[in-house]
Amino acid sequence: MEEFLQNYGFLLVTLVQQSLLAMSLYFPLSAGQLSLASPGFYALGGYVAAIMATADYFAPWRDALGWAIFPLEWLIAGLVSALLAFLVGVPALRLRGIYLALATIAFVEILRVVCLNLAITGGAIGIFGIPQLFESRWGYIWIFGPLLVITLIFSYRLDRSRVGRAFKAIREDELAAGAMGINPTHYKVLSFVIGAVLAGIVGAMSAPFLNTWNARQGTFDASISYLAYVLIGGGRSLWGPMLGAVLLASLPELLRPLKDARLIINGMVLVIASIYLPFGIAGALQRLKLSTLKRYASLRGGR
Amino acid sequence: MDAVQFLQNLLNGISIGSVYAIFALGYTLVFSILGIINFAHGAVFTLGAYLTYSLAVGQFGIGGILADLQIPFQLSFPLSLLIGAILSGVAGVVVERCAFRPLRFRGADPLLALVSSLGVALVTVNVIQYLVGSEIYSFPSDVYGDIRPAFVLHFGEKLVVIRTVQIIIFAVSIVVLALLGYLISWTRIGKALRAVAENASTASLLGINVDRFILYTFFLSGFLGGMAGSLVGTSFGIAGPYFGVAYGLKGLAVIVMGGLGSIPGAVLGGMVIGLAEAFVPADYSAYKEAVAFAFLFVVLLVRPQGLLGRSQIQKV
């Protein structure tokens, strides 16, 4: 066990972390909004945590609070992300269609360029030597694991609440939802902010986990990976994003012997999965279950 | 900024802006017909640059499996540019066949076309990397034949320098724009393309083979993307297989700015962003890459349908 964790602990924690990032896309998508902003908020949260953990300015805070600085970092990362998501979301979400995706691409790129050039974010080198919360990489499962559980419970409860039903109504037909007295912009912004807060907190937790933080954390490539997790896992099911994240994030590891060709295969997987699994793996499983149940029922019926 | 500096920035901006315009037109053509953004457009841009390089120079570095290969023939630059762009058009058709057509025939969620086109982009870029490595390729200065590298205009003490490459890319872009404008406005093919863009099912009822015109559109789009890639590549060098990604994203800002699906809008948007980048003061040049995206935000706030776009009427 010890040896297994030594070798695969980092990968396992990474899978949980990637699942969380996939979930951060799931919330806006449950209201029918395609957001590619998660890497931006993830990077932002990480910078907040990294700056609070290393900058001289925060030294008295660190001395006074001890380990409690970590939860404070998560809180502040979440708040900053929420504020920024609100500012980005309100103009972009008044519009229908592809505009949010484009605005979030712009947001991620602007943030990346700004972080590359500011002194406080360490420029191109970034911030390194971020103090650790646990002794081993594997230890981080004790923060990412509970966050994933909380997120899943939250999302399960949300689906069955008034807000969750409003999200679904907007996803199915925004005009009809508006006619029923739901304010689409209000709920679209809310779904976007929830996703952003989650990504920000995951970023703040990841900064010590990865030890260094730089502008490469928030890129367009990362946006695409998270989107692929959700759509290939299944964007309409709570488990889909997790399933997609675990499969796709471990794919490079499984394909490691192929070296350079593995990104080619990764791309092919995206193409083939979008053609043959249009509702994601979770959707395909659901259909399989339904058809099996039907067959079973017809057997029982003696037809 | 004095008048001479202004002139210099203006010329730089018009030159790069014209390339942005033809690149963004590739996005706009596909968007106007399918209502989907083709995320493989940046990869076609990269592919075009490498194809033109291979045809015109044909000498590869040590990174990929084509290491130290020398292609036995070299074409003149104009011919390489043209053939490179045509082959990129063929690549556009392949993108349609792999990433768009299967999804369209299955009636899948349009969001999935984003993922499948990104998948094709990932494959293309990594195949290029596999073949030629990730090093920088630049076109030798004598690739255009025996012409002077730059023109210098004297204004008293001050100088305005126009690189010959800038003139070439501007001239080529204008010719391409004019031909495209003629094709779309004055020919039968253009008429049919406009009909498909207006309403595909009505066009199909009137006897237009919609799928064939979608293929034509992707060919044109790939042609424009590959041409733009080659022009940027000759001007600034090819900075590795991922160099199209940044331009691909910038192209999105251009089309939102001009109005999604609007052809004059894409040209205007390209020019505006090219000029805006050229006028970024030298002290802030590190922020140049963010200018296009800042514009995108302003447009979303102030005029979401873009400068020349039609505001959409939502049909119930």
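Predicted model: local features only at pLDDT ≥ 70, side-chain atom pairs only at ≥ 80, totals over all residues.

Residues are numbered from 1 along each chain as its sequence is written, chains are lettered from A and ligands numbered from 1 in the order in which they are written, and side-chain values use heavy atoms, with hydrogens and water left out.

Over all chains the count comes to ten salt bridges.

**Interface of chain B and chain A**

- Chain B gives 42 residues to the contact and chain A gives 38 residues, where contact means heavy atoms within 4.5 Å.

**Helix pair in chain B**

- Helices (H or I, at least four residues) and strands (E, at least two) are DSSP runs, numbered from the N terminus.
- Helix α1 (residues 3-34) of chain B and helix α10 (residues 263-278) of chain B have axes that come within 6 Å and cross at roughly 145°. The axes are lines fitted to C-alpha atoms, for helices over the stretch in contact, with angles from 0 to 180 degrees between N-to-C directions.
- The crossing of α1(B) past α10(B) is right-handed. A crossing counts as right-handed if the near helix is turned clockwise from the far one by less than a right angle, and as left-handed if anticlockwise.
- Sorted by class, the residues in the contact of α1(B) with α10(B) are 15 nonpolar, eight polar and one charged. Nonpolar covers Ala, Val, Leu, Ile, Met, Phe, Trp, Tyr, Cys and Pro, charged covers Asp, Glu, Lys and Arg, and polar covers the others, Gly among them.

**Salt bridges**

- A salt bridge is a side-chain nitrogen of Lys or Arg within 4 Å of a carboxyl oxygen of Asp or Glu. For exposure, buried means under 20% relative accessible area, exposed over 50%, and partly exposed in between (1.4 Å probe, protein chains only).
- In chain A, the side chains of A:R236 and A:E172 form a salt bridge with an N to O distance of 3.4 Å. The partners are 64 residues apart, with A:R236 in the loop between α10 (220-233) and α11 (240-254) of chain A and A:E172 in helix α7 (residues 162-172) of chain A. Both A:R236 and A:E172 are exposed.
- B:D2 and B:K158 meet through their side chains in a salt bridge of 2.9 Å, N to O. This pair spans 156 residues, from B:D2 in the segment before α1 of chain B to B:K158 in strand β3 (residues 158-163) of chain B. B:D2 counts as partly exposed because its relative accessible area is 33%, and B:K158 is partly exposed at 42%.
- B:K250 and B:E277 also form a salt bridge, their closest N and O atoms being 3.2 Å apart. B:K250 is in helix α9 (residues 243-258) of chain B and B:E277 is in helix α10 of chain B, 27 residues apart. B:K250 is buried at 5% relative accessibility, and B:E277 is buried at 4%.
- B:E96, B:R101, B:R104 and B:D211 are joined into one network by salt bridges that share partners.

**Single residues**

- A:T151 is in helix α6 (residues 141-159) of chain A and is buried, at 5% relative accessibility. Not counting residues up to four places away in sequence, A:T151 touches A:L20, A:M23, A:F27 and A:L198.
- B:M227 lies in helix α8 (residues 210-236) of chain B and is buried at 4% relative accessibility. Apart from neighbours within four places in sequence, B:M227 contacts B:I22, B:L81, B:A85, B:V172 and B:V176. The C-alpha atoms of B:M227 and B:L82 are 7.7 Å apart, although the two are 145 residues apart in sequence.
- A:N211, which is not a glycine, has a positive phi of about 75°. A:N211 is in the loop between α9 (184-210) and α10 of chain A and is partly exposed, at 30% relative accessibility.
- A:R162 is in helix α7 of chain A and is exposed, at 66% relative accessibility. A separation of 44 Å lies between the C-alpha atoms of A:R162 and A:R262, which are 100 residues apart along the chain.
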